[in-house]
Amino acid sequence: MTRALSTCCFALSLAACGYRPVRFVDAPPVSHADDESPVPMPKPDPLEPKAYLADVYLRRPIMDALDAARIPDAGDVNSIDEVPGSSWFVADRAGRSRLSDYAVDGPPRSPLRVTGGLGADTLSIADARGLPYRMRADVVGRPEMRTAADAIASRLLWAIGYITPEVHVVHIRSEDFPADRGQVEHWLQVHDPRQSSHRMAATRWPIGTDLGAASATFTRADDPNDQVPHVDRRTLRGLRVLGAWLDFKTMGPQKTLDAYVGAPGCGHVVHYLAGFEDTLGADKVSSKVAKGALHPDCGGNPFLNLVTLGLQPDPPPSAMERKYHAIGSFEEEVHPERYRPELPPYEPLDHTLPSDGFWASRRMMGLGEEQIRWAVEGGGFTQRGTAAHLVHVLEVRRRAVAAWWTAQVSPLVLEGVEGLRLQLHDYALVWGLAAAGTTSYRAEFLDARGAESGASVRLEPRTACWEMELPQGALAPYLIVRITALRGAFPKPRPAQFHLMIANGNARLVGVRH
Amino acid sequence: MKLSRMPATACSCVALLASEANAEPPRKQDVSGVAQPERFTGDLLRSGAGALLFVPRELASLLFFTSGAAVGIVENEQVVPRVRDFLFSRDGRIGFFPTLFVETGSSFNVGGRMIASADTAATTLRAGYGGPDANVVESRLRFARLTPVPIVLSFEGMHDRRTGLGYPGIGQDPRGDPRNRFVSTLTQASYQERRERVIASLGIRPVRDLEVFLSSSYSQRFSDDVSGGVGPRFDDVFAPGSVPGWSRTTRQVYTELALRLDTREARVAPVPGTLIEGYGGTSRGVKQEHGRFLRVGARAAGFISVYRRTNVLIPKIVIDGVAYSSGEQVPFSELARQPDFRGFNTRRDFTSMVLSLDYRWKVQRFVAARLFVDAATVAPSARDLSLKGMRYVGGFEVDLYTANTELARLGVSVSPEGALFVFSFGVAPRFGDRQHRD
């Protein structure tokens, strides 16, 4: 009895240990992660499907059940809640990139030669400069769709800051392969005998030495630069937001490719995103099936597939598909709260925190209309009106996705500090996703220990960009300003925290958390 | 402010390579700027719970540490991989899988499998435990090369003990078969078996869809009554000495030549194609008077896409036979059985036939479901095989698969003899080919 009582008291005391805020060092935020030090070339690690399935369907549920810890904050985030530049991400690209920087090597140049990998719709080649490319064709009967999706998604993700290999839409003929003409002619005829010139997506890959897929969970053991578990990378967690926007049908290690760039011993690993031919609804299309021909593989709801024995009729073509033959089933309607790619699950997406979603939303909304148009032009649509309509759908979808993720946080960003005056932007209002007239804020002031250092204040600026003077009575050497946005009477689930060093009547930002 | 870093473009590669062995690894990067992490109410309680769960969590993590399985190493069937399966390297990986097998009428068996693979070789070690009289230890070593055609050489060794096995006698209707000498009204004897087996196998794929296997095995079995007197003893059911091979060690060397034509692009995934397989082998006893016989058989299956490419209708026929000269005795454990029959596999005789019709469809990536019906019969000879009096079973299964391997299976089958439930993970499906037979 005494032992049980003391055990309960101990447990209660553990539970009762109160909240303690994060504390940041008084230093400027890191802008580059310094993960490109020269390292020996790691061993290639091709994706082993059986091991991956065992990991996803058995290890992960067991490990998750045995893990009582909270999902940690992303490990690749700096003190101001941003992702610094690294071998995974180019931080200063979004919104300021020169679009011409995308095509470093450009499309393949004739004459071409086959280097291997003649798949059903894929081909590995080298161009006249000796640069390797992977060519992928469209599905017969749906020209332009997959090749355009690959090229467009690659450009959009590149513009956001991800590292993607170049994808160019090209047209090839057997004459482009003087040394392999017969082989290519046969392959092209098998693929689509009706065409004399075949449209393909040329992916500039491999860049450097292909090391295979990046683990969804762990680091690459023989890469000393890879120190943040991949499941805790915001760059990967944020793909839940971008996946909902661009409608990734699948997401997994097969889309995250590592390459060793540089001379052996002098290079480092760069982490790419690739393989987006199934985005923008390209793999959800309803094909017109000729009489007697087989229908495409079933996708969609696995429970429905199970109970109907895989015999359920294909969904009718959407209005988008009927009107625009080069676009798949890619509609304006999107449900970001429910979005998940097709099974098997991808672990970083299950660890996406609201702060990760807000970061990805800012990157996504930071793309200008010019950049989106440029990306869509890379798809090379020939049907009139297709590009404009896709731009419109992308815009509608990204606003819906951003609206949901910004509603999970108080989407405030500190744009500047002058003395004790904070200049704040509410990005939900900046993007027109919430109404300024019904928005107010509650600001609390805490010291480094989390104790109140002043009375909270209620603010109703009625504008997206506003300023707040720090009350004199609330100042502390290390001050945490915690601002919760209220839409109507409803507070957002998570406040924005701004950590400031106060000295000589001036405030200096040292940390941000959402 | 950038963290200080060594400019990669300016490095002296020669100097770096020379000092590589002593090079200092990049220092741990901390970009977060966090001096003290956030702590929520209840975090200490979570930490306490985490400490309690540390040992089981680390054990589970160890079981899944990396992997690099070679194609076919976990199969109970000889496989020569296709050319494309050689096109990625597997070097220096060791992986662990837990294994679990549960089937109605057999003991719960849990264990683990370790797989290590290098460029051309792979080895697996499996151990399973289901009780003191139900355990297995198995090791396989496999070499695979591509030049000039795919070729595989493998060596295997196994020791296992199984208990609770049943023998109802020979024939489709054992009680009515005059070859069985029953001494009571009991219809089935229970027994346990200890088995050791080594197999050497050479497989080659001379053309794209054709595999040729030459294999030889030495197996040693000893059968006796179940420990503890559980279940009817053999002598309580059959006249002593009337069942060849009972209660003595049987040693057989079996050498076989098999050909398999398989046009499917993947062995396990639901895809269309045709499978035709034939084999013939000789078996002779070692250090025993009897046990010389021939095995011969064939299997044919069609994989026909219905409505979708991944909805596959699979009609199949399997015929196995044992031929012996007069005066010869074939141990009861070496009679033809029916591993392809997914009901209660209890019938044995010198000839066996199993007809199956499966409908398998893809539910989701790497997940498929199956409806099936089997009909099986045994007979003293091929001439005596008949569609009359066949045993039937129907059922449903869901499996987790990759292109060439079944990873897990959950299924139920129903027959007039009862229902059968099976769950397996990491254990090869069914009983494979003749060298890996039950």
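**Helix packing around α12 in chain A**

Hi everyone, let me start with a crossing: α10(A) and α12(A) pass each other in a left-handed way. Before going further, please keep in mind that this is a predicted model.

Here is the geometry. Helix α10 of chain A covers residues 354-365, helix α12 covers residues 386-406, and their axes come within 9 Å and cross at roughly 150°. Angles over 145 degrees count as roughly antiparallel, and therefore α10(A) and α12(A) are roughly antiparallel to each other.

Who makes the contact? From α10(A) we have Pro354(A), Gly357(A), Phe358(A), Ser361(A), Met364(A) and Met365(A). They face Arg398(A), Arg399(A), Val401(A), Ala402(A), Trp405(A) and Thr406(A) of α12(A). By class, that contact has seven nonpolar, three polar and two charged residues.

Now the other partner, helix α11 of chain A, residues 369-377. Its axis and that of α12(A) come within 10 Å and cross at roughly 130°, which makes α11(A) oblique to α12(A). This crossing is right-handed. On the α11(A) side the contact uses Ile372(A), Arg373(A) and Val376(A); on the α12(A) side, Ala387(A), Leu390(A), Val391(A), Leu394(A), Glu395(A) and Arg398(A).

Finally, the wider view. Chain A is divided into domain 1 (49-97 + 210-288 + 336-406), domain 2 (99-208) and domain 3 (412-513). The C-alpha centres of domain 2 and domain 3 of chain A lie 50 Å apart. Thanks, everyone!

Terms used: Residues are numbered from 1 along each chain as its sequence is written. Chains are lettered from A and ligands numbered from 1 in the order in which they are written. This is a predicted model: local features need pLDDT of at least 70, side-chain atom pairs count only at pLDDT 80 or more; totals for chains, interfaces and linings use all residues. Side-chain values use heavy atoms; hydrogens and water are left out. Domain bounds come from an automatic or database domain assignment. Axes are lines fitted to C-alpha atoms, for helices over the stretch in contact, and angles run from 0 to 180 degrees between N-to-C directions. Helices (H or I, at least four residues) and strands (E, at least two) are DSSP runs, numbered from the N terminus. Angles under 35 degrees count as roughly parallel, over 145 as roughly antiparallel, 65 to 115 as roughly perpendicular and the rest as oblique. A crossing is left-handed if the near helix is turned anticlockwise from the far one by less than a right angle, and right-handed if clockwise. Contact means heavy atoms within 4.5 Å. Ala, Val, Leu, Ile, Met, Phe, Trp, Tyr, Cys and Pro count as nonpolar, Asp, Glu, Lys and Arg as charged, and the others, Gly among them, as polar.
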